[in-house]
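Here are a few notes to read alongside the model, for anyone opening it for the first time. Have the viewer ready and follow the points in order.

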Amino acid sequence: RQAFEDKKEPPKQPDDVSGPKEPLTQSGGNSVTGSTAGGDIILVENGDVIKADTLTIMPPITERPGSAPPKPALMIGRDDDVRALKQRLRSVTGSQTVNLQVLTAIKGWPGVGKTTLASALAHDDEIAKLFPDGILWTSLGQTPSILTEMGIWGRALGSDEILKARSLEEASNLLAGLLRNKRYLLIIDDVWKTEDAVPFNVGGIGCATLITTRLDGVARDIAPTADNVYILKVLKDEDALVLLEKLAPSVVAENPKECLILVKELEGLPLAIQVAGRLLDAERSAGLSVVELIEELREGAKLLEATAPADRMDYVTETTPTIGALLQKSLDLIDEKTKECYAYLGVFAPKPATFDIDAMKYVWEMEDPKPVIKTLVDRGLLEYVRELDRYQMHAILVMLAKSLLSDDEGE
C-alpha cells in the first residue's frame, strides 16, 4: 500500500532467487500458471510486495444451493415405505413413466423419521433417474424465512431474480416459470403452517412434491385428498431391536430380553431408540452396568434429558437440543388450558395409551372435549385410530406430558 501511495513501482522478485517458490493458496477460483492476464500475480510477504510464478486457488467447500442433507447413515425397517413412496411419486403408463404434478404429504409422530426417509429418497438412484434435473430441498421449521428459501431455490435454478421479488406471489410465479419444463422432485421438509408451504408448491407437469409434517391439520390442508397423505408408522419390534443392536451391539447381546422390553416400551420410535442406543453404548463402554439405565430409559426422564442426534443441530444457535426440547415444539402456541389437558392425559395414560372421548371428558372435567381433542390431533400429539375408534398417544409423548406436570409441581 505504501508503494502505491508513493507512486513507486513495487520491488520485483529477483530472477535468481534460489529454492522453490511457495504457491499462494486462497479460497475460491481456479489454478492459474504463467498468466499474463491483468499483469503479474503478486502477493505480500513480510511487508514486501513480490511476484509469484503460480497462483493456486482452492474452490470453496459449499453445498449446492437447495440441496438435500447428506444421505442417512443408518435407516432400518423402511424398505416398504421407500417402495410405497416411490410408487406415489410416479404414474406408470405402459413402459413410460409420466409425472402429473404429484403431491404427497408424509405425516407421523415427532421423531418417527420423516426427514430421514425424505433424505433417503433424495439420494436414491431410481429417484435420480425419475427426476433427471435434480432435487430441490428446503427445511422450513416454525419460523422460516420464506423469501430467502425461495431465493435459494432460484439460485439452484440459475436465477437471482427471486431475491428481487416484491411479494411471495411474485417469487412463486418466478419459480414456477423456472420449473415449467423441468423434472424436479421438490421436498418441503418440516412444515408447521400450511401457508408456509404454499409458495413452494410450484412444480410443473414434470415435477413432484414431497412434504413432511408432524401436524395432522397441515397434512390435511396441503394434500389434495386424504389419499395424498402418507402416514409413516413406528418401527416393528424386530426392526426396532435391530436398530438398537446397530447402536449398542454388546448391550443387546448381553441383555436381549431387557432390550426387547425397552424397544416395546419406546413403541418403535426411531428417534427414541437412537438416543437410547447411544446412551447404553456409552454406559457399556465405560464399564458400567446398563440394567439401571435401561430402567431409567423406560421411565422416560433420562430419555427426555438426553441430547438429540447430531443431525438435529440448530445451525442458528449451533447447539443440539434435548429430546424433550424437540418434542416441546409441538406445544408451542397452544393455550395453557389445552396444554394442561394434554399433561393430565400423561398421568392417566394406560399402556398402550389409548382413550375414548368419554375418558377424556372425565379426566378433563369438561362437557365438550372435542375442541381440545381437535387441537391435540392437529398438533400431532394425539392420533385417531379408526380401527379402535379411540385416540392414541405415543409413549414418548406420554413421558413429555408427565414431565409437564412434574415441572408444575416443582414450581
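1. Start with the inventory: the chain holds 19 helices and 15 strands. Keep in mind as you look around that this is a predicted model.

2. Now for the chain as a whole. Of its 411 residues, 44% are buried. The chain exposes about 22,900 Å², and 50% of that comes from carbon and sulfur atoms. If you take the contacts between residues at least 6 apart in sequence, 69% of them join residues at least 24 apart.

3. Next, pick out two helices: α9, covering residues 237–247, and α12, covering residues 270–285. They pack at an angle of about 35 degrees, and their axes are 8 Å apart. The crossing of α9 past α12 is right-handed.

4. Which residues in α9 and α12 meet? On the α9 side, they are Ala-240, Leu-243, Leu-244 and Leu-247. Facing them from α12 are Pro-270, Ile-273, Gln-274, Ala-276, Gly-277, Arg-278, Leu-280 and Asp-281. Sorted by class, this contact of α9 with α12 has eight nonpolar, two polar and two charged residues.

5. Finally, have a look at Ser-119, which sits in helix α3, residues 114–122. Is Ser-119 buried or exposed? Its relative accessible area is 3%, and buried means under 20%, so Ser-119 counts as buried. Leaving aside residues up to four places away in sequence, Ser-119 touches Pro-69, Pro-70, Lys-71, Pro-72 and Trp-137.

Definitions and conventions
Residues are numbered from 1 along each chain as its sequence is written. This is a predicted model: local features need pLDDT of at least 70, side-chain atom pairs count only at pLDDT 80 or more; totals for chains, interfaces and linings use all residues. Side-chain values use heavy atoms; hydrogens and water are left out. Helices (H or I, at least four residues) and strands (E, at least two) are DSSP runs, numbered from the N terminus. Buried means under 20% relative accessible area, exposed over 50%, partly exposed in between (1.4 Å probe, protein chains only). Contact means heavy atoms within 4.5 Å. Axes are lines fitted to C-alpha atoms, for helices over the stretch in contact, and angles run from 0 to 180 degrees between N-to-C directions. A crossing is left-handed if the near helix is turned anticlockwise from the far one by less than a right angle, and right-handed if clockwise. Ala, Val, Leu, Ile, Met, Phe, Trp, Tyr, Cys and Pro count as nonpolar, Asp, Glu, Lys and Arg as charged, and the others, Gly among them, as polar. Accessible areas come from the Shrake-Rupley method with a 1.4 Å probe; for residues, only the protein chains shown count as cover.
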